[in-house]
Amino acid sequence: MTGATVMPAPSGAQRRASYTGLYAFLVSVVMFFAGFTSAMVVRRGGAKDWKPVPMPDILWVNTSILAVSSVLAEKARRDLRNGDRTRFSVTWSLATLVGCAFVAGQILLWRQLRDAGVYMAANASGAFFYVGTIAHAVHLAGGLGAMLYLCYRAWRLQLGPGRRTAVDVTTIYWHFLGVLWVYLLVLFLVLAR
Amino acid sequence: MRRYIFSTDHKVIGIQYYLLALFSVFLGMALSVIMRFHLTYPEAKVRLFGMLWPDAAAGGIMTPELYLSLMTMHGTIMVFFVLTTAPQSGFGNYFIPLQLGAQDMAFPVLNMLSFWTTFVSLLVLLAAFFVEGGAPLAGWTAYPPLSAAGAIAGPGQGLGQTLWVLSIALFCAGSLMGAINFITTILDYRTKGMSLMRMPLTVWGWFVAALISLFAFAVLIVGGILLLLDREAGTSFFLPEGLRINDRLLPNQGGSPLLFQHLFWFFGHPEVYIVIVPGMGIVSTILSVFSRKPVFGYKAMVWALFSIGLLGFLVWGHHMFTSGISPYSAIGFSVLTLAIGTPSAIKTFNWLGTIWGGQIRLDLPMLWALGFLSLFVTGGITGLYLGQPALDSYFHDTYFVVGHFHLIMGVAAIFAIFAGTYYWYPKVTGRYLNETLGKIHFYITFLGVYGIFIPMHFAGLAGNPRRYADFAQFEFLKDLNLLHKFITHTAFTTTAVQFLFLFSLFWCLKRGRQAPENPWQATTLEWELPSPPPHHNFGPSPPEVHHGPYEYSVPGAARDFRMQTEPEP
Amino acid sequence: MLLPILILLVTIITAAGFITQRWWFPAPINEYASWFDSYFAINLILTGAIFIAAQLAFVWAILRFRNRGNPVRYSHGNNRLEIFWTIATLVLFVGAAFAGSRLWSDVHLSATPANALRVEVQGKQFAWNFRYAGVDGKFGRTKVQLINDAAGNPFGIDEADPAGNDDIMSSELRVPAGRPIELKMRSPDVLHNFFVRELRIKQDLVPGMEIPLRFRADKPGAYEIACSELCGLGHHQMRSVLVVLPPETFETWLKDKAAEK
């Protein structure tokens, strides 16, 4: 009665639905950061106390790490589509690892900023920087969780070219997070400098 | 446990949402009854108050802070846990897969999680009643600086307000999960032959409401996070320089209270369309079924729903006409606000067109749907005043607004919920709701809601401000005592009659008159299933649809209704 | 047949309430308020007509088409009608928006006349205070740290600024009749709202902002000021009075207050 009963649905519907669901989720994530952006624009426009946030070098390192992770994930995705399960498992795990490195790098970034005197309460520009990067990291953590789970399933040999929707969808989300990160970078460079 | 509590079956989840809303509405009504009692008899000593709130109602007399916190919780509970829950998550979850010919929602586990997130959200909100300081008193709109300054701003503004923000954040998450599920199911799980333009308007209503939710709730989360940070982390998103509250100087700098209002109402106005749009879909269907006539202007109805959804995102400033926004933007918001009256008017004309020339059967679902029509027009028409900033400069924050939004949300939307309940009860339980009790319920409620909320407009005309804990301080309010007494006693009566409904709802589970599979002779897919439908709805062979959903009284047909699955012609 | 009767009943009672004006705006005290009342009346007639027509249409439909076995007019709609009432309502509603914007511009988009009397309004939990600039015509600098109600300094006027020495405080808003007034709204704590029914205008007081509100009052009298934005547990007690005085009386009062200093 309960549990994993396979539902007979119109063929391909489940695959299509995964994409639809992801895109719907992406819409709401975009709206979240749109609201964030407008709050930042308004707040900066109205205040005389805006202090530029120093951009430590690690910011660029992390960005590169995230980009590498996206490239790896995309390579892995295509390997799986082509049936090369071993290559997929290795590359996907690598992508996940690099993704974890990004998170570690972000933590380092926050530590460096804190040491440089940029606190949440110190200045509005700093506050927005933290809120934006932490919000991004929270969304990324979700993506990372999905990637880790798929690592587990990959090594259990439960994935294949006919069972790859989760990988496809997760990869799209991962790329989205990368694009979102670049957007935030540009936003901060323009407004928080 | 797994089967019912954490069920992933959309029908169980729909019922869970409905019961959550049912509990919430009675709690919300209780709060409003206590509020109205206090407004009319502010000096009364009530033992019960003293027992429930020994600090805030010492000696049985309600303090202003208690009144304001009850008011805050009343609004929050009603708007979120009743009006955003029952029409959308309650009915939508139960009937979308059925009306589309699907086995379940697209993501059943996500669906289950969305309910439990909403459930926890309610628990967190109710916890505010029990913490030190009690529930917050800043209104359901929680404007800073009052809501951001923390405990120094008043009783309930410490932990109580924080819990409130956390609850809302959780509710946003739960709603977003639900919205994703609804959108995916409607786009990808329609059965063979069920094109988009063959979907019942109920599904269109749930679809548009889910789309609105997708775009709106995320922005509320932003507002909530920034508010939480202002409260707990010393930031200054909404708190400007130079604040002195309760003799304490606050260290904040540069924040803008208006920024919160923008973020809040960017969500808040689409929210009211999330509330009403599913109800509109339900009413469209019921009017058609019980007039034995197709919906008049189905395509226009769909376009009107989308127009309302889209325009709804462009009008939030009409909540802020007197807030200090640019007078130019006020004019812009006004034009768009009044423009949104057009799709609503189109729908009203089409509802009239649906029943016109039909064979109107005044069964209970139809009574509620017709009641909705009357109330929707009454509640909507006063929007014409409020949408014009010059007129709103008198009516803002008066009982005129309170009357307006209660009529359109707290009444019309509720009538749609009742209409849906009486309509679908036989499908969910296999029995009818009691006819006699239902008629008493309807007629007294219909008269009662007019009796409660029309007089509020008169109070507003006299300039009676809202959110006042009592009316004793102002000369001009003394003339309104009789009016308020009338409102209060009508409210008592109307609330009392809802218990008849509650009784009937549970009594008829076992003792209601047995209903056939298709008691109203309706055409949509849910009426082809047994009552209640089995776990996987249509089983291994999904239905095939050949018609639109409103083929009633087709000329030359044998019966006056044609099921959607009936083969051509 | 109960429903049509009840719809008729509520329609009649509602209409009666609006027509008899038993609970209504107070008498206007200036030209703007009179225009407001006229404009409202036009809106009332319009919306009243729509309201009554709609409710009557519902009543008629229920009575005429109740189930008596009458044949049903099968129809999926009428595109011409759809277009007609879409355009008609759009023109009507959007037209109203533009029509009403004239009143709005009059208050909020017109320049302050040169002879306007400037008064600062402070809304604080939970009292109103008003400040006049005194003989020098300048408002003294204020600091929130210096706010001291007990010592009679609710605005926190800085003694170091000589411009503030002649500022005049009042707990009531006194104005001369017939002269343009410009209020500057300020708040040092939370949101409040300044509302005088007889003027037909209200304005939020926003911490961190100084928001102007212009009016002119012609009829002498005392009119209650009611806070109209939730500001905490004393919101319902935040009351003051707009006292409109004949110009000479006002001048005398001002002189007396100046002399007290």
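Chain A has five helices and zero strands. The model discussed here is a predicted one.

Student: What is the order of the elements in chain A, from the N terminus on?

Tutor: The order is α-α-α-α-α. The C-alpha trace of chain A spans about 60 × 30 × 30 Å along its principal axes. Chain A exposes about 9,000 Å², and carbon and sulfur atoms supply 66% of that area.

Student: Why is A:His136 called buried?

Tutor: The relative accessible area of A:His136 is 0%. Buried means under 20%, so A:His136 qualifies. This histidine sits in helix α4 (residues 124–155) of chain A.

Student: Which residues does A:His136 touch, not counting those up to four places away in sequence?

Tutor: They are A:Phe33, A:Leu66, A:Phe102, A:Leu177, A:Leu180, A:Trp181 and A:Leu184. As for chain A as a whole, 52% of its 193 residues are buried. Among the contacts in chain A with a separation of 6 or more, 82% come from residues 24 or more positions apart.

Student: Let's turn to chain B. What makes the phi of B:Asn246 worth a remark?

Tutor: Phi is near 55° there, a positive value in a residue other than glycine. B:Asn246 is in the loop between β1 (244–245) and β2 (248–249) of chain B. B:Arg292 also has a phi near 55° and is likewise not a glycine. That arginine lies in the loop between α8 (257–289) and α9 (298–311) of chain B.

Student: Are B:Asn246 and B:Arg292 buried or exposed, and how do you know?

Tutor: Set each value against its cut-off. B:Asn246 has 56% relative accessibility, and exposed means over 50%, so B:Asn246 counts as exposed. B:Arg292 has a relative accessible area of 0%, and buried means under 20%, so B:Arg292 is buried.

Student: Where are the cis peptide bonds that you wanted to show me?

Tutor: One joins B:Ser531 and B:Pro532, with omega about -5°. B:Pro532 is found in the segment after α17 (481–511) of chain B. Another runs from C:Gln125 to C:Phe126, with omega near -5°. C:Phe126 is in the loop between β1 (117–124) and β2 (127–132) of chain C.

Student: Now the interfaces. What makes A:Arg16 and B:Asp188 a salt bridge?

Tutor: Their closest N and O atoms are 3.4 Å apart. The rule asks for a side-chain nitrogen of Lys or Arg within 4 Å of a carboxyl oxygen of Asp or Glu, so this Arg and Asp pair meets it. Across the interface of chain B and chain A, the rule finds one salt bridge. There are also seven residue pairs in polar contact, both residues at pLDDT 80 or more. Helices α6 (159–188), α7 (201–232) and α8 of chain B each give two or more residues to the side that touches chain A. The most come from α7(B), with nine residues. By class, that side of chain B divides into 22 nonpolar, 10 polar and five charged residues.

Student: How many residues and how much area are involved between chain B and chain A?

Tutor: The contact takes 37 residues from chain B and 34 residues from chain A. Together the two chains bury about 2,900 Å², 75% of it on carbon and sulfur atoms. In chain B, the residues losing the most area to chain A are B:Asp188, B:Tyr189 and B:Phe237, together 18% of what that side buries.

Student: What are the totals for chain C and chain B?

Tutor: The contact takes 100 residues from chain C and 107 residues from chain B. The area buried between them is about 8,900 Å², and carbon and sulfur atoms give 72% of it. C:Trp23, C:Trp104 and C:His236 lose the most area in chain C to chain B, together 10% of what that side buries.

Technical notes:
Residues are numbered from 1 along each chain as its sequence is written. Chains are lettered from A and ligands numbered from 1 in the order in which they are written. This is a predicted model: local features need pLDDT of at least 70, side-chain atom pairs count only at pLDDT 80 or more; totals for chains, interfaces and linings use all residues. Side-chain values use heavy atoms; hydrogens and water are left out. Helices (H or I, at least four residues) and strands (E, at least two) are DSSP runs, numbered from the N terminus. Buried means under 20% relative accessible area, exposed over 50%, partly exposed in between (1.4 Å probe, protein chains only). Contact means heavy atoms within 4.5 Å. Buried area is the accessible area (1.4 Å probe) that two parts lose on being put together, summed over both. Accessible areas come from the Shrake-Rupley method with a 1.4 Å probe; for residues, only the protein chains shown count as cover. A polar contact is a pair of N or O atoms within 3.5 Å; within protein, one must be able to donate a hydrogen and the other to accept it, and residues adjacent in sequence count only if both atoms are side-chain atoms. Ala, Val, Leu, Ile, Met, Phe, Trp, Tyr, Cys and Pro count as nonpolar, Asp, Glu, Lys and Arg as charged, and the others, Gly among them, as polar.
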